[in-house]
Amino acid sequence: MRKIFFLIILLIAAFVWGDFSIFESIERLDLLSGKKNIVVMGCDVRKDDVGRSDTLFVVMLDKSKKNAALLSVPRDTRVKIREHGWDKINAAFAYGGHKLTQETVQDFLGIRLNNYVVVDFQGFEGLVDAVGGVDINVEKRMYYYDPYANFEIDLRPGKQHLDGKKAMQYVRYRDEEGDIGRIRRQQKFMMALYQQIASKNIIAKVPGVSKQIMSMIKTDLSLKEMVELGNVMREMVEKDGMKMAMVPGEPKYIEGISYWIPDIPKMRQQMAEMQGVKITEKFNENTKKLEQEYKSSAKK
């Protein structure tokens, strides 16, 4: 039951099995490591198209202190992808799947990533329906139509109960705030989901929920790890709520393309605080180098 609870929270947040982490054996002094860090990728994979990571965030867990935090990474964040140069961070999944995405996020944030979870959007609707839907206050009129994907968003403002189809529309809607506004709605949806689960007896739904989860995820987390993390997540949310943050920065056009340009010094300081560790000299040198690379690349 605790395993299921943890996965539900993790998956919905992402919209939200596999090999061992490729980074476990790598010792790098320029990476911070104070918590168990899990990178979560929500991907919209179509036939004959590997897709991109439409939603990307890192869950940071401290089992000893029973606290956690979630860092959202805007999909338009400009990063340097190994062997591919500068691009939006969501392109890493198209280039090299979860391994390259994990590698890219680790280089960018400067923290050691222990595990990954990949969530296929195709199963998102079924998962929300499996837990009985979610109550949420839709803050405004939302309408959008994508003829390429044959995907329509059509929501009216006000408090309502969203089934899987409507929930998908809510978490994917982009307004004038772009990806930043959508991230806020995704985080809002995550907390609404938790309240929904906490207020109902979900035990009877476990078989259907478990089947739906297993059909839509790929992860290198073991069963034991999922149970342990489930305990931490449950106690943490009930006590303090989910601490959420986003990569600091600002929107900017470069060569006609819209990016989210991160504030590197501020972001790296944020990482040290979220990891609960001190910044090392090597980490500080790496941060300064990265900041200079961003400035130089933007001038080209």
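**Why is it called that? A predicted chain, term by term**

Colleague: I see that Glu255 lies in the loop between β13 (249-254) and β14 (257-262). How are such strands, and helices, assigned and numbered?

Modeller: Both are DSSP runs, counted from the N terminus: helices are H or I over at least four residues, and strands are E over at least two. Before we go on, this is a predicted model, in which local features need pLDDT of at least 70 and side-chain atom pairs count only at pLDDT 80 or more, while totals for chains, interfaces and linings use all residues. Residues are numbered from 1 along each chain as its sequence is written, and side-chain values use heavy atoms, with hydrogens and water left out.

Colleague: Thanks! Why is Glu255 called exposed?

Modeller: Its relative accessible area is 69%. With a 1.4 Å probe and protein chains only, under 20% is buried, over 50% is exposed, and anything in between is partly exposed. Since 69% is over 50%, Glu255 is exposed. Its phi is positive too, near 55 degrees, although Glu255 is not a glycine.

Colleague: And why does Glu83 count as exposed?

Modeller: By the value of 82% relative accessibility, Glu83 counts as exposed. Glu83 is in the loop between β4 and β5, and this non-glycine residue also has a positive phi, of about 70 degrees.

Colleague: What makes β8 and β9 a pair of strands?

Modeller: Two strands pair if DSSP finds at least two bridges between them. β8 (residues 142-146) and β9 (residues 151-155) have 5 bridges, in the antiparallel sense, so they meet that requirement.

Colleague: How many aromatic pairs does the structure hold?

Modeller: The structure holds 2 aromatic pairs. Trp86 and Tyr294 form one of them, with 4.8 Å centre to centre and 70 degrees between the planes. The pair links Trp86 in strand β5 (residues 85-88) with Tyr294 in helix α9 (residues 281-299), distant parts of the chain that are 208 residues apart. Tyr170 and Phe189 form a pair with 6.5 Å centre to centre and 35 degrees between the planes.

Colleague: Why do the two pairs carry the names edge-to-face and tilted?

Modeller: Rings of Phe, Tyr and Trp (its six-membered ring) pair if their centres lie within 6.5 Å; planes under 30 degrees apart are stacked, over 60 edge-to-face, and the rest tilted. The 70 degrees of Trp86 and Tyr294 is over 60, so this pair is edge-to-face. The 35 degrees of Tyr170 and Phe189 falls among the rest, so that pair is tilted. Tyr170 and Phe189 are both buried. At 22% Trp86 counts as partly exposed, and at 7% Tyr294 counts as buried.

Colleague: What makes a group of residues a nonpolar core?

Modeller: A nonpolar core is a set of buried Ala, Val, Leu, Ile, Met, Phe, Trp, Tyr and Cys residues joined through side-chain atoms within 4.5 Å. The largest one here has 36 residues, among which Phe108 and Leu109 touch the most other members. Its largest share, 7 residues, comes from α2. A second, separate core of 34 residues includes Leu70, Val138, Tyr173 and Met216.

Colleague: How do you know which parts to read with care?

Modeller: We look at pLDDT, the predictor's confidence in each residue, from 0 to 100. The chain has a mean of 80, with 73% of its residues reaching 70 or more. Over residues 14-27 pLDDT stays under 50. Where pLDDT is low, the predicted coordinates should not be read in detail.

Notes:
Contact = heavy atoms within 4.5 Å.
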